[in-house]
Every structure is written in structure tokens, then in C-alpha cells.
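Please look over the structure below.

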Amino acid sequence: EKDGFDWFMRKEIFEQPDAVAASLLSRHTATGALQLDEVRISEDDLREVDKIIVIACGTSFYAGLVAKYAIEHWTRIPCEVELASEFRYRDPILTRDTLVVAISQSGETADTLMAIRYARAQRAKVLAICNSNGSTIPRESDAVIYTHAGPEIGVASTKGYLTQLIACYLLGLYLAQVRGTRFGDEIAMIVRELETMPQHIQTVLDNAEEVYALAREYVDATSVLFLGRHAGYPVALEGALKLKELAYIHAEGFAAGELKHGPIALIEDGLPVFCVVPPRGRDQLHDKMISGIQEIKARGATAICLAEDDDDEITPYADRLIRLPKVSTLLQPLLSVVPLQLFACELATLRGHDVDQPRNLAKSVTVE
Ligand code: F6R
């Protein structure tokens with residue numbers, strides 16, 4: 001049951017450290033090499049793959065957008081991400097050497113199922129990332145990585161999403177290992193960092209009260225924007241989706257660099273804007289995010305920043321600040337999405353909505 005929580009969704013948000021740990025369990029051999037034993041595509045065939053197309057819907061699609069950043073970086077295989085409902089209607093280019101990755105928590109989503117049937121008919125290989133054992137999508141795929149999140153009952157996906165990210169990271173690292181695009185030591189180091197994530201997610205959850213205070217403050221908001229860059233961009237999209245579906249508020253996510261190409265016209269006095277701040281690194285993403293924040297603040301928006309622990313540079317620009325443990329850029333979505341889940345859950349609760357059964361939505365969408 002709900003273990004003392006008011007909603008299954010809130011319970012599932014708090015289960016994420018365990019769900020992520022379960023998804024990481026027994027993925028490597030004694031020698032440290034990664035093994036994904038449900039992958040029934042030979043290593044020779046995986047070495048021939050020249051293109052990856054990730055297909056999914058909704059939150060699972062946003063997991064796919066994060067996957068693109070990681071998979072291309074680690075494997076150097078071109079990776080596209082496409083909405084399942086669009087995929088087969090555009091005459092996609094598929095060959096025997098295309099690996100189609102279908103991400104579906106339920107394994108029953110009709111749009112995704114039809115897309116993999118189409119892909120297999122064109123002789124592409126299909127690998128499913130799925131949370132429901134024995135469901136239709138993994139049954140009809142050449143290979144499957146199960147996410148081991150346990151049953152997800154809340155209609156809005158939370159632990160399903162985090163464990164999809166884990167499966168995508170593992171797939172990317174596994175392909176890098178098989179193809180030799182990364183050294184074993186480097187892969188082992190990233191796997192070790194992945195193994196620290198449950199405790200970092202717990203740290204973020206321990207600060208839930210701060211996020212709930214924000215939800216009280218913005219309970220009457222009519223519009224909320226979310227900005228991100230790099231792997232933080234899909235997180236912005238996911239934060240907006242959660243708020244739309246649970247709180248029925250107008251919410252939109254943007255790539256922070258796109259702001260000046262249009263969306264900045266939406267900024268007005270008092271508008272809350274969540275900013276997923278990239279970790280400071282060798283690239284200039286962090287500084288560019290700061291200039292984006294200056295632009296929105298100059299027009300009266302309130303900048304609610306999610307930034308890593310020791311990021312002092314952000315402090316003067318942030319109207320509100322939610323701290324995240326310091327991790328590498330590609331893994332940050334596992335942490336930065338959590339406050340956005342909590343915000344949507346709490347704000348919808350305060351507005352008196354049924355968080356587990358949002359209006360007009362179903363847990364698995366079995367019509368196209
Ligand atoms: C949002 C949500 C949906 C699903 C989408 C795909 O919180 O849950 O957007 O992510 O319907 O569902 P699956 O992953 O079951 O194919």
C-alpha cells in the first residue's frame with residue numbers, strides 16, 4: 001500500500017534511491033566488465049551498428065533525449081531520438097545495422113509497439129528498455145533491459161523515469177565496452193559514479209521540505225517555465241510535463257540557449273522560472289546559463305535555480321536556490337529532476353487534485 005504516504009506517486013518518488021540501486025544491481029562480472037544478460041544481440045552485431053534511433057512517448061521520450069547525450073559521447077555512434085507516434089509516418093531510414101531502442105515503462109504503449117513492429121519489418125534490431133516483465137514490447141523485441149523499479153502505480157512516471165535513465169547509461173557504457181570506444185578503466189569509473197547515485201538522490205529527497213515551501217509560494221501560479229542546457233534540457237521538458245499533467249498549469253520547458261530566439265517574449269514580472277544549472281566544467285555551459293538567468297531577471301522573472309553544492313557563482317543570480325550534490329554533467333539529470341517531481345506533486349496536492357489519477361490520463365495508453 002502507500003506506506004503512510006498520501007499518494008502512490010509521492011511514495012514512488014521516495015523509493016527512487018532503492019529503485020536506482022536495484023536497476024544497477026549485478027550488471028558487472030567479477031572482472032568489472034559490464035554485462036547486460038538480457039541483450040540477445042551478438043557482440044559482433046553490436047559492433048556493426050552504425051545508427052541508434054531511440055523511440056518512446058512522454059516521459060520515456062525525455063529519458064531518450066538524455067540518453068542521446070550519453071550514448072553519442074561514450075560510443076560515437078550517431079543517435080536520434082524520436083516520438084514513437086511520429087516515427088513510422090516519416091519513412092525513416094532503417095537497415096540491419098540500425099539499433100532501435102524502444103523505451104516504455106509499461107511495455108504496452110500502442111504508439112511505441114507499432115513503431116517497433118515497423119522497425120523489425122524493416123529488419124532493424126530492436127532493444128526494449130522496460131519496467132514490466134513479460135509485457136508486449138519486450139516480447140516483440142530482439143533484446144530487453146529491464147529497469148527493476150518495481151510496480152509504478154501513480155499515473156505520472158517518476159521511479160520509472162530514473163531507472164530508464166540508468167538503463168540508458170548502462171546501454172551506452174556496454175556499447176562503448178563492446179566497441180572499444182572507451183577504455184575499461186574509464187567505463188569502470190563511470191559505473192562507480194553511477195553506484196553513488198542512490199545516496200545522492202537520497203540527499204536531494206532529504207531537502208524535500210524546501211521544495212514544498214516553494215510549492216506553497218507558487219500555489220496560485222498560472223504559468224511556470226523551465227530552462228536547461230545539455231543533459232539538463234530534457235530535465236526542463238520533464239519538469240514542465242509533470243506540472244502540466246498533475247497541477248493542470250501551463251508549463252513549458254526550453255533549451256536555455258533558445259530563449260532569445262522567441263520564448264523570452266513570454267517573460268513577465270513575477271513569472272517563476274526553474275533553471276537547471278549545468279555543473280561547472282571545461283565547457284562554457286555554466287556561464288551561458290548565468291547570462292540566460294540575467295536576461296530573464298532583467299525582465300522581472302523569479303529565477304529558481306537548481307545548482308550543485310559548491311557553486312558559489314550562481315548565488316548572486318538565484319532568487320531561490322535548490323542545492324544538488326556534485327556529480328558529472330551527464331549524470332546530473334538523475335538528481336535535478338527530483339525536486340521538479342516533488343514540486344509538481346506538492347503543488348497538485350495543495351490545489352486539491354488527485355495526484356495518482358490526473359484527469360484525462362491513463363497509466364498505459366493502448367490506443368494509437
Ligand atoms: C508522464 C507519463 C507518460 C508516459 C508515456 C509513455 O508522467 O507517465 O508520459 O511516460 O505515456 O508510457 P510508457 O513508458 O509506459 O510507454
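A residue is buried when its relative accessible area is under 20%, exposed when over 50%, and partly exposed in between (1.4 Å probe, protein chains only). By that rule Phe274, at 1% relative accessibility, counts as buried. This is a predicted model: local features need pLDDT of at least 70, side-chain atom pairs count only at pLDDT 80 or more, and totals for chains, interfaces and linings use all residues. Residues are numbered from 1 along each chain as its sequence is written, and side-chain values use heavy atoms, with hydrogens and water left out.

**Ligand site**
- The ligand is surrounded by 13 residues, where near means that a heavy atom of the residue lies within 4 Å.
- Among the closest are Ser60, Gln105 and Glu245.
- Helix α4 (58–75) and helix α12 (232–247) each supply at least two shell residues; helices are DSSP runs (H or I, at least four residues) and strands are E runs of at least two, numbered from the N terminus.
- The largest share, 3 residues, comes from α4.

**Contacts with ligand oxygen**
- A backbone N or O atom of Gln105 lies 2.7 Å from a ligand oxygen.
- For a backbone N or O atom of Ser157, the distance to a ligand oxygen is 3.0 Å.
- The side chain of Lys242 places an N or O atom 2.8 Å from a ligand oxygen.

**Aromatic rings**
- Rings of Phe, Tyr and Trp (its six-membered ring) pair if their centres lie within 6.5 Å; planes under 30 degrees apart are stacked, over 60 edge-to-face, the rest tilted.
- The count comes to 6 aromatic pairs.
- Phe226 and Phe274 are stacked, because their ring centres are 5.1 Å apart and their planes lie at 5°.
- This pair joins strand β6 (residues 223–228) to strand β8 (residues 272–276), 48 residues apart.
- Phe226 is also buried, at 2% relative accessibility.
- Ring pairs link Phe226, Phe274 and Phe343 into a cluster.

Technical notes
Polar contact = N/O pair within 3.5 Å; in protein donor to acceptor, adjacent residues only side chain to side chain.
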